[in-house]
Amino acid sequence: MSKHAAHHHDHSHDHSHDHSCAHAHDHAGRAPEAIRAAELWCQEHGLRLTPIRQQALEALYATHQPLSAYDMIDKMVAAGAKRLAPITVYRALDFLVENGFVHRLASRNAFVACPFHHKPDELVVFMICDHCGGVDEVLSDDLSKSLSVLTESHGFAPRLRIIECGGACAHCRDQTKAA
Ligand SMILES: [Zn+2]
Ligand SMILES: [Zn+2]
């Protein structure tokens, strides 16, 4: 059971709330636009961002931390929705991951919203902070090329290209240094 309850349900975009963490602002600020974009993209591709899929995406945008399906259910209940069965949330997550709106972090068995709509074969590097739980995702052309050379030299066809790094983010690193 992860205990990421530090932010409770103060996930409104209340900028007066003093978040010490830079990830939070970034993420919540992108939410309305990203959800709108996801809606449009689904429409254009003959898919539907159903209310449950949208709720799941909103739950992930309400925090900068990766959430498990169970954490998401709690968030949705806190936001006023009825309690969904885990299988329902997993189905919504399958859709969101498949279509590039959400990433699954294998090392945490948790999910993060992706505002960048990365393609499944794009190399994404995650930097996951052990202290604040913040997740930053970055792309690297150099790394992407090197990884292609490496996998090709092994005759391997990657379905997914995700690298997860655990450690301390720039913010938390400064704080531990100062202490
Ligand atoms: Zn992404
Ligand atoms: Zn941190």
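Start with two helices. The axes of helix H3 (residues 69-78) and helix H4 (residues 86-98) come within 10 Å and cross at roughly 105°. H3 is therefore roughly perpendicular to H4, a label for angles of 65 to 115 degrees; angles under 35 degrees count as roughly parallel, over 145 as roughly antiparallel, and the rest as oblique. Axes here are lines fitted to C-alpha atoms, for helices over the stretch in contact, and angles run from 0 to 180 degrees between N-to-C directions. On the H3 side, Ala-69, Tyr-70, Met-72 and Ile-73 make the contact; on the H4 side, Pro-86, Val-89, Tyr-90 and Leu-93 do. Two residues are in contact if their C-beta atoms, placed from the backbone, lie within 7 Å. By class, the contact of H3 with H4 holds 8 nonpolar residues, no polar ones and no charged ones. Nonpolar covers Ala, Val, Leu, Ile, Met, Phe, Trp, Tyr, Cys and Pro; charged covers Asp, Glu, Lys and Arg; the others, Gly among them, are polar.

A word on the model itself. It is predicted: local features need pLDDT of at least 70, side-chain atom pairs count only at pLDDT 80 or more, and totals for chains, interfaces and linings use all residues. Residues are numbered from 1 along each chain as its sequence is written, while chains are lettered from A and ligands numbered from 1 in the order in which they are written.

H3 also meets another helix. Helix H2 (residues 51-61) packs with H3 at an angle of about 100°, and their axes are 9 Å apart. H2 and H3 are therefore roughly perpendicular to each other. Gln-55, Ala-56, Ala-59 and Leu-60 of H2 meet Met-72, Lys-75 and Met-76 of H3. This contact of H2 with H3 divides into 5 nonpolar residues, 1 polar and 1 charged. Met-72 of H3 is listed in the contact with H4 and in the contact with H2.

Now step back to the whole chain. The protein chain has 6 helices and 5 strands. Helices (H or I, at least four residues) and strands (E, at least two) are DSSP runs, numbered from the N terminus. Along the sequence, the pattern is α-α-α-α-β-β-β-β-α-β-α. Of its 179 residues, 25% count as buried. A residue is buried if 20 or more other C-beta atoms lie within 10 Å of its own, exposed if 12 or fewer, and partly exposed in between, with C-beta atoms placed from the backbone. Among contacts with a separation of 6 or more, 56% join residues 24 or more positions apart.

Next comes the sheet. Strands of a sheet pair through backbone hydrogen bonds, either parallel or antiparallel. Here an open sheet of 3 strands has the order S4-S3-S5, with mixed pairing. Two strands pair if DSSP finds at least two bridges between them. The edge strands are S4 (135-138) and S5 (162-167), and each pairs on one side only. On average, neighbouring strands of this sheet are turned by 20° against each other, direction ignored.

How do the pairs run? Strand S3 (residues 124-129) and S4 pair in the antiparallel sense over 4 bridges. S3 and S5 pair in the parallel sense over 6 bridges. Phe-126 has partners in both directions: Glu-137 is its bridge partner in S4, and Glu-164 stands opposite Phe-126 in S5. Along S4, Val-138 stands opposite Val-125, and Val-135 stands opposite Ile-128. S3 and S4 form a hairpin with 5 residues between them, and Gly-133 in the turn has a positive phi of about 80°.

Helix H5 (residues 141-153) is the next stop. Its 13 residues should span 18 Å at 1.5 Å a residue, and its end C-alpha atoms are 18 Å apart, which agrees. The expected span is 1.5 Å times one less than the number of residues. The number buried in H5 is 0, so this helix lies largely in the open. Thr-151 lies in H5. It counts as partly exposed because it has 13 C-beta neighbours inside 10 Å. Leaving aside neighbours within four places in sequence, Thr-151 is in contact with Phe-156 and Pro-158. Just after H5, Gly-155 takes a positive phi of about 65°.

Finish in helix H6 (residues 170-178), the place of Thr-176. Thr-176 counts as exposed because it has 9 C-beta neighbours inside 10 Å. The C-alpha atoms of Thr-176 and His-131 are separated by 9.9 Å, though the two residues are 45 apart along the chain.
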